[in-house]
Amino acid sequence: MNEFVTFCRNVFVPVTNICRNNCKYCTFRCDPDDPDAKLMKIDEILPILENGKKAGCTEVLFTFGEYAEQVPKYKEWLEELGYSNTVDYICELCKIAINTGLLPHTNAGILNYTELEKLKPLNASMGLMLETTANVAAHEGSPGKIPSTRIKTIRYAGELHIPFTTGILIGIGETLDDRINSLLTIAELHEEYGHIQEVIIQNFTPKPDTPMADMPSPTEEEMIQAVLIAREILPDDIAIQVAPNLIDPYILIQCGASDLGGISPTTIDWINPETEWPSVSELKEMVNGTELKERLPLYPQYIKKGWYSDNLKELIHNLADDDGYRKI
Ligand SMILES: O=c1nc2n(C[C@H](O)[C@H](O)[C@H](O)CO)c3cc(O)ccc3cc-2c(=O)[nH]1
Ligand SMILES: C[C@H]1O[C@@H](n2cnc3c(N)ncnc32)[C@H](O)[C@@H]1O
Ligand code: SF4
């Protein structure tokens, strides 16, 4: 078991919920005609960043629908803001976040090499869930969830030396063999590029009004098994993350989970809005005796290796202690 467990204080900015995919477990995505459909403007985002900074956050998580540009109405909204593609808009948001004193972590869905290259100097770390290497019914109608395309994005991130978060979603129709295969794939990518800082073992949670509303969540036994297998397969320098708003982390920590991900004092989990994040004091109770340590969105080993751009140098220096954790 680990000496301590880490977490990161963040704000979650769901830039747009328009998405070209249609994952059958997702309630984040909206049709463009839905009254809740949105593309957030800078004047809406700035106060979220400033509140987060005041509340002691170090990270802004930009998560949004994949290649929304492929949805015609969205293209119009984006052009009204003066941008021809989402990545350019996200780059601008990252610059604003850095000026506010937050380190960006972008999870955009799949991206090509050029897009990752643009985002790299403005992000402390980036992420893309592999989800699974299996072809599951949950991903029918989601071209971006074809395993080979996701692996390609994770590979490009490795070539570009981007500290990277990935993970698997448990309970979306994949078998135990598929879980093992997915973890082996991540381990291989890390062996080649050394860029995987953490792997999220995320339990699928059924949401009302989705095609998977009546599918069961994985059992606690399955989650324990998944974390144990992940710890066995993944090299020691990769942290295993579980989400404390989706599952009680206590036993999973005994099994090798060592990170509780981003938790936010000021924003909700837009992907799992039904469950609130615990506060830091609640987290302390949850880990029951294990030391809790606050980290930045990029892990200490990547600060030591200098895997960040000059744009982030001063901010990382101000936020990190000598060991690469959050300065207190
Ligand atoms: O609040 C959430 N944060 C999610 N995060 C954010 C994560 O908790 C932190 O941003 C990272 O640990 C970096 O600090 C993700 C990041 C990724 O790169 C990929 C997937 C996720 C998924 C979630 C999620 O479901 N909810
Ligand atoms: C950001 C990540 O959130 C995860 N995600 C999306 N919908 C759900 C759900 N119903 N339950 C758990 N995780 C989900 C996917 O793995 C996505 O990649
Ligand atoms: S999980 Fe991501 S890719 Fe899938 S529909 Fe939801 S927003 Fe789109």
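Visitor: Is Gly158 buried, partly exposed or exposed?
Guide: This is a predicted model, where local features need pLDDT of at least 70, side-chain atom pairs count only at pLDDT 80 or more, and totals for chains, interfaces and linings use all residues. Residues are numbered from 1 along each chain as its sequence is written, while chains are lettered from A and ligands numbered from 1 in the order in which they are written. A residue is buried with 20 or more other C-beta atoms (placed from the backbone) within 10 Å of its own, exposed with 12 or fewer, and partly exposed in between. Gly158 has 17 C-beta neighbours inside 10 Å, so it counts as partly exposed.

Visitor: Okay, and which helix does Gly158 lie in?
Guide: Helices here are DSSP runs of H or I with at least four residues, numbered from the N terminus. The run holding Gly158 covers residues 147-159, and that's helix α5.

Visitor: How do the axes of α1 and α3 run: roughly parallel or roughly antiparallel?
Guide: Axes are lines fitted to C-alpha atoms over the stretch in contact, with angles from 0 to 180 degrees between N-to-C directions. Those of α1 (residues 42-54) and α3 (residues 86-100) come within 10 Å and cross at roughly 30 degrees. Angles under 35 degrees count as roughly parallel, over 145 as roughly antiparallel, 65 to 115 as roughly perpendicular and the rest as oblique. So α1 and α3 are roughly parallel.

Visitor: Which element gives the most to the shell around ligand 1?
Guide: Strands are DSSP runs of E with at least two residues, and a residue is near a molecule if its C-beta atom, placed from the backbone, lies within 6 Å of it. There are 20 residues around ligand 1, Gly127 and Thr165 being among the closest. Giving three residues, the top contributor is β1.
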